[in-house]
Amino acid sequence: MDTMRDRFISVTSRELDRDPRLALVLAEISMDGFRPAQRRHPDRVVNVGIREQLLVGVGGGLALTGMRPVMHTFASFLVERPFEQVKLDFGHQGTGGVLVSAAASYDWPAGGFTHMAPGDVALLDTLDGWTVHVPGHPDEAEALLRHAYAAGDEKVYVRLSLQSNATPQPVAGLGMRTVREGSRGVVVAVGPLLDNVLAATEGLDVTVLYASTVRPFDDAALHRAVGGAAADVVLVEPYLAGTSAQAAAHALVEVPHRVLGLGVGRAELRRYGTVDEHTEAHGLDPRGLRERIGAFLR
């Protein structure tokens with residue numbers, strides 16, 4: 001199976017052929033995959049080199065001319081390093097564009113902490129008006145990328161990962177989808193953690209909601225799932241633990257509730273290890289999730 005990043009290259013290359021308004025700005029990462037598209041569209045596929053602040057600045061300038069810019073590199077270099085440019089060149093200027101990241105929270109452990117960005121979604125939460133997609137499968141990534149490119153002048157972040165669920169979920173609209181129904185609590189699984197959540201909650205009397213779009217947060221779906229009664233809600237996110245806790249609390253402001261936020265911990269794991277070892281260390285493997293979800297619901 002191809003990866004989300006492979007799908008990003010193929011989908012974006014085709015969309016560049018189709019949509020003359022679309023422009024792609026790169027900072028070396030994934031450049032090899034886009035060389036054919038660059039030969040066809042040298043004026044709309046721009047590689048600025050390893051200059052991430054310039055990457056976002058060029059995208060902001062293209063947006064001011066009426067183009068639909070797509071900016072791509074590793075998440076740590078796309079959201080964290082040029083955060084001032086994201087804040088000013090899009091938010092302050094009132095323009096839109098599409099940020100497409102790779103590497104996510106810890107997809108390349110050998111790259112060290114410089115190449116990890118578990119706080120990217122939380123950081124974007126400090127800004128207004130960003131749509132955030134977190135696909136859990138390459139098929140979902142393709143659908144959400146196409147939606148982002150066609151989304152007028154909206155500000156959109158698409159968070160790609162090497163981690164993936166075994167099968168895709170339908171992407172119909174941008175709300176949460178009910179995958180399993182129960183009565184003792186609600187577990188919200190985000191993106192590539194759905195398979196682990198389903199394994200962890202096997203035999204538990206809980207509702208499992210799946211979200212591949214986390215901003216805007218689907219207040220109505222969560223409210224329906226808890227049924228208006230006192231609620232226990234667990235958020236399982238592939239980035240910083242508790243990132244969506246405030247959004248969930250806002251959705252349930254009129255309902256007595258408890259919220260447990262599970263995700264990547266704040267402590268830096270200084271051994272490179274593997275992706276699976278990082279997942280286990282953060283308690284996001286099925287066994288770790290089962291223990292913490294079970295204890296919370298008891």
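Which residue in S11 stands opposite Val188?

A: Leu235 in S11 is the residue opposite Val188. The model is predicted, so local features are given only at pLDDT of at least 70 and side-chain atom pairs only at pLDDT 80 or more, while totals for chains, interfaces and linings use all residues. Residues are numbered from 1 along each chain as its sequence is written, and side-chain values use heavy atoms, without hydrogens and water.

Strand S8 covers residues 186-190 and is joined to S11 by four bridges, the two strands running parallel. Two strands are said to pair if DSSP finds at least two bridges between them.

S8 and S11 belong to an open sheet of five strands, in the order S7-S9-S8-S11-S12, with mixed pairing. At the edges stand S7 (177-180) and S12 (257-264); each has a single partner strand, so one side of each is left without a neighbour in the sheet. From one strand to the next, the twist averages 25°. Helix H12 (residues 286-297) packs on this sheet, where H12 touches S8, S11 and S12, and its direction makes about 165° with that of S12. For such angles, axes are lines fitted to C-alpha atoms, for helices over the stretch in contact, and the angle between N-to-C directions runs from 0 to 180 degrees.

Val188 is also among the residues with the most contacts inside the largest nonpolar core, along with Trp130, Tyr157, Leu222 and Val233; this core has 42 residues. A nonpolar core here is a set of buried Ala, Val, Leu, Ile, Met, Phe, Trp, Tyr and Cys residues joined through side-chain atoms within 4.5 Å. Buried means under 20% relative accessible area, exposed over 50%, and partly exposed in between, with a 1.4 Å probe and protein chains only. S11 (residues 231-240) gives the most to this core, with four residues. Leaving out residues up to four places away in sequence, Trp130 touches Val86, Phe90, Gly97, Leu99, Leu124, Lys155, Val156, Tyr157 and Arg215; touching, or contact, means heavy atoms within 4.5 Å. Apart from this core lies another, of 22 residues, including Met4, Phe34, Val100 and Leu145.

The structure also has a second sheet to follow. This open sheet has seven strands in the order S2-S1-S3-S4-S6-S5-S10, with mixed pairing. S2 (45-47) and S10 (213-215) are its edge strands, each pairing on one side only. The twist here averages 20° from one strand to the next. S1 and S2 pair in the parallel sense over three bridges, and Val25 stands opposite Val46 in S2. Helix H1 lies across S1, S2, S3 and S4, running at about 140° to S1. Helix H7 (residues 138-149) lies across S1, S3, S4, S5 (130-133), S6 and S10, at about 155° to S4.

The side chain of Thr213 makes a polar contact of 2.8 Å with the side chain of His133. A polar contact is a pair of N or O atoms within 3.5 Å; within protein, one must be able to donate a hydrogen and the other to accept it, and residues adjacent in sequence count only if both atoms are side-chain atoms. Apart from neighbours within four places in sequence, Thr213 is in contact with Thr131, Val132, His133, Leu144 and Leu174.

Between S6 (155-159) and S7, the loop holds Ser161. Ser161 is buried at 9% relative accessibility. Its side chain makes a polar contact with the side chain of Asp107 at 3.1 Å, and a polar atom of that Ser161 side chain lies 3.0 Å from the backbone nitrogen of Gln163. Not counting residues up to four places away in sequence, Ser161 touches Met4, Ala104 and Asp107.
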